[in-house]
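Visitor: I have not seen this structure before. Could you show me how to read a few of its features?

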Amino acid sequence: MAPLALILGAASGTAALAAMAAQSGNRAILAVGLVFCLGIAAVLLRNALAVLIFALAVALSYNRQFYSFDDWLGDYGSFGLFWTLADGLMVVIMLVALARAAVTGQGPASGPRGLSVEVPLVLLVAAMAMSALRTEMLPPALFETMRVAKFLLYFLVLRAIMDRDLARVLMVAIGVMVMLQCALGVMQVARGAGGSGLGSLEAQTGEMAYRATGTTGHPNMYAPFLLMPTLGFLALGLAGRAGVHRLALLAGAAGALAIVLSQSRAPVAAMLAGLACLAVAHLARGVVRPQRVLGAAVVLTTLGFLAVLPLASRIMERLAGDLGGSVEFRASYNDAAIGIWRLDPVLGVGPAHFMTELPAFHADYARINDDIQVGRKIANVRAIAPVHNVYLWILAEIGLLGLTCFLLFLGATGWLFHQAARGADPGNRFFVGVFWGFAGLCAVQVTDFSLWWDHQLMMLTLLLALAVQVRRQGGVP
């Protein structure tokens, strides 16, 4: 009777809070209502960690940064200390895991997992700390170092608690997240509301209006974010005909549609290249017959064409138009980044100090970054537009030492995904696509910087923890 009474009370409270939120438009009240919902689910499933992992996978797509510490630590603009929804959920996950360990006396979910990306991540954080200690304005550099270090902590925690059940929940949750982002992206494009938030899908003006952005706020954040899970689900969906494969194919097709609707050139090209590579990989392993690959290609192409047909002229204009201007902008910004790097080639100018040095090398781009600062607390976003090449951004801020550590981390990540792809279980098939999606993501970063953003790093952290579990147990049925 006690659980039933708790559920009834929580459900009544949720209904009341939802009604209040609908009348007042107060998001805080709605947030409390969502917490009640999580509590109900945890009681019903008798597994709080499963509920929290599911919520984490869905919430990480909400690309917002909350600068709640400015009054305490000082206002350092977009390089101040901030938190995200994923951070809040990870804190709760760690507390629940500690409480479970204290009550049950159990340690990690299942023994040692072996090293994968830990050493490169530690080296990267150490390089950032060394560079930070040489800066004149220390707090922003330390905050940036802490921001990257937290993902090492998150990975260690998720790796420790991950078991077969949580791995299954995580895969389902990522699929749900992809479907939700696709649905929101389609609505944004259909209503000309690209770039609008969850609160109001209002019509926008300009080039962004008919580009899908989901909850990430920008097409160039949206499309790369969906690249790895989309190819992962497509790889799983093509590997069989059971119900799980059909659901995976549906999630993969939704992700592919969302990427196309973003109209971001490089991610679309990376997705198509990744599709070709995973098809070849499946054929080489004998996972699928050539006829199935050909049939799937025809069906997906036809459905995709029908889906984007009403917007075909806009999409073609975006993909082919003003390419020269985009290339010129990136080349000019790359030159400025290289100039900043030359100030200190080994350790860089320091984490979070790219923008500090930018005015001396490109005053116009520095002015653009100053102009967008007004949106930082209004929209709860990290309002910076650094060089559109994550490798040059890291090179300028933490030098050759930091870039070397970052490349070692990317190499270790690719190797872990490759190891997780060995086998015949659904989890292994999923990571065939994730591997090629990650390769495409790394290529896209030559013209982008989304990999250094929290939502993308959190997605990578979840997939790394899942890969360790899949590698260890041979897959997730």
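Visitor: Is helix α18 mostly covered or mostly open, and how many of its residues are buried?

Guide: This is a predicted model. A residue counts as buried when its relative accessible area is under 20%. In α18, 23 of the 31 residues are buried, so by this cut-off the helix is mostly covered.

Visitor: How far apart are the end C-alpha atoms of α18?

Guide: A straight helix would reach 45 Å at 1.5 Å a residue, but the ends of α18 (residues 390-420) are only 26 Å apart. The helix bends by about 130° at Ile398.

Visitor: Is His455 buried or exposed?

Guide: The cut-off is again under 20%. His455 has a relative accessible area of 3%, so this residue is buried. His455 lies in helix α20, residues 454-473. Leaving out residues up to four places away in sequence, His455 touches Leu60, Asn63, Thr216, Met221 and Phe225.

Visitor: Which residues form a nonpolar patch on the surface?

Guide: An α-helix has 3.6 residues a turn, so residues three or four places apart point the same way. Here the patch is formed by Leu133, Leu138, Leu142 and Met146, with about 350 Å² of accessible area together. Leu138 belongs to helix α7, residues 138-161, and is partly exposed, at 31% relative accessible area.

Visitor: What about the protein as a whole?

Guide: The protein has 20 helices and zero strands. Of its 477 residues, 52% count as buried. The accessible surface comes to about 20700 Å², and carbon and sulfur atoms make up 69% of that.

Key
Residues are numbered from 1 along each chain as its sequence is written. This is a predicted model: local features need pLDDT of at least 70, side-chain atom pairs count only at pLDDT 80 or more; totals for chains, interfaces and linings use all residues. Side-chain values use heavy atoms; hydrogens and water are left out. Patches are made of residues with over 30% relative accessible area and no salt bridge: like charges are joined within 9 Å, nonpolar side chains (Val, Leu, Ile, Met, Phe, Trp, Tyr) within 5 Å. Accessible areas come from the Shrake-Rupley method with a 1.4 Å probe; for residues, only the protein chains shown count as cover. A salt bridge is a side-chain nitrogen of Lys or Arg within 4 Å of a carboxyl oxygen of Asp or Glu. Helices (H or I, at least four residues) and strands (E, at least two) are DSSP runs, numbered from the N terminus. Buried means under 20% relative accessible area, exposed over 50%, partly exposed in between (1.4 Å probe, protein chains only). Contact means heavy atoms within 4.5 Å. The expected span of a helix is 1.5 Å times one less than its number of residues. The bend at a residue is the angle between axes fitted to the seven residues ending there and the seven starting there.
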